[in-house]
Amino acid sequence: AAADPVSMAPGSLERGTWCNEHMLHERLDIIEEKVIKTVEHLESEVKSLLNIISETTLNIPTVPGTPLIDVFDGQY
């Protein structure tokens, strides 16, 4: 006879497996939500920093005739 889920012992393998999977999915959902919020926060910070850098570089006075230096040209 097939085992009735209601009459299963509390410590049975089937119920334990379902319970563990349920808890795992809940924890993964919480972790996913935290990761999404962290990524959104970091994106906001990066945009803010890029805006500051952009505004700063626009306000740097340049002397006529001075060659512009590319800080990202790989030469140190």
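Mentor: E33 and K37 are 4 residues apart in helix α1, so about one helical turn separates them. Their side chains meet in a salt bridge, with 3.3 Å from N to O; the term requires a side-chain nitrogen of Lys or Arg within 4 Å of a carboxyl oxygen of Asp or Glu. Side chains of opposite charge can pair when their charged atoms come close. By this rule the count comes to 1 salt bridge.

This is a predicted model: local features need pLDDT of at least 70, side-chain atom pairs count only at pLDDT 80 or more, and totals for chains, interfaces and linings use all residues. Residues are numbered from 1 along each chain as its sequence is written, and side-chain values use heavy atoms, leaving out hydrogens and water.

As for accessibility, E33 is partly exposed because its relative accessibility is 45%, while K37, at 52%, is exposed. Buried means under 20% relative accessible area, exposed over 50%, and partly exposed in between, with a 1.4 Å probe and protein chains only.

Helix α1 covers residues 13–58 and includes V39. The secondary structure of the chain comes to 1 helix and 0 strands; both are DSSP runs numbered from the N terminus, helices being H or I with at least four residues and strands E with at least two.

V39 is partly exposed at 41% relative accessibility. Together with L24, L28, I31 and V35, V39 forms a nonpolar surface patch of about 430 Å² accessible area. Patches take residues with over 30% relative accessible area and no salt bridge, joining like charges within 9 Å and nonpolar side chains (Val, Leu, Ile, Met, Phe, Trp, Tyr) within 5 Å.

T56 also lies in helix α1 and is partly exposed, at 44% relative accessibility. The side chain of T56 reaches the backbone oxygen of I52 at 2.7 Å.

For the whole chain, 1% of its 76 residues count as buried. The accessible surface comes to about 7,600 Å², of which 64% belongs to carbon and sulfur atoms; such areas come from the Shrake-Rupley method with a 1.4 Å probe, and for residues only the protein chains shown count as cover.

How values were computed: Polar contact = N/O pair within 3.5 Å; in protein donor to acceptor, adjacent residues only side chain to side chain.
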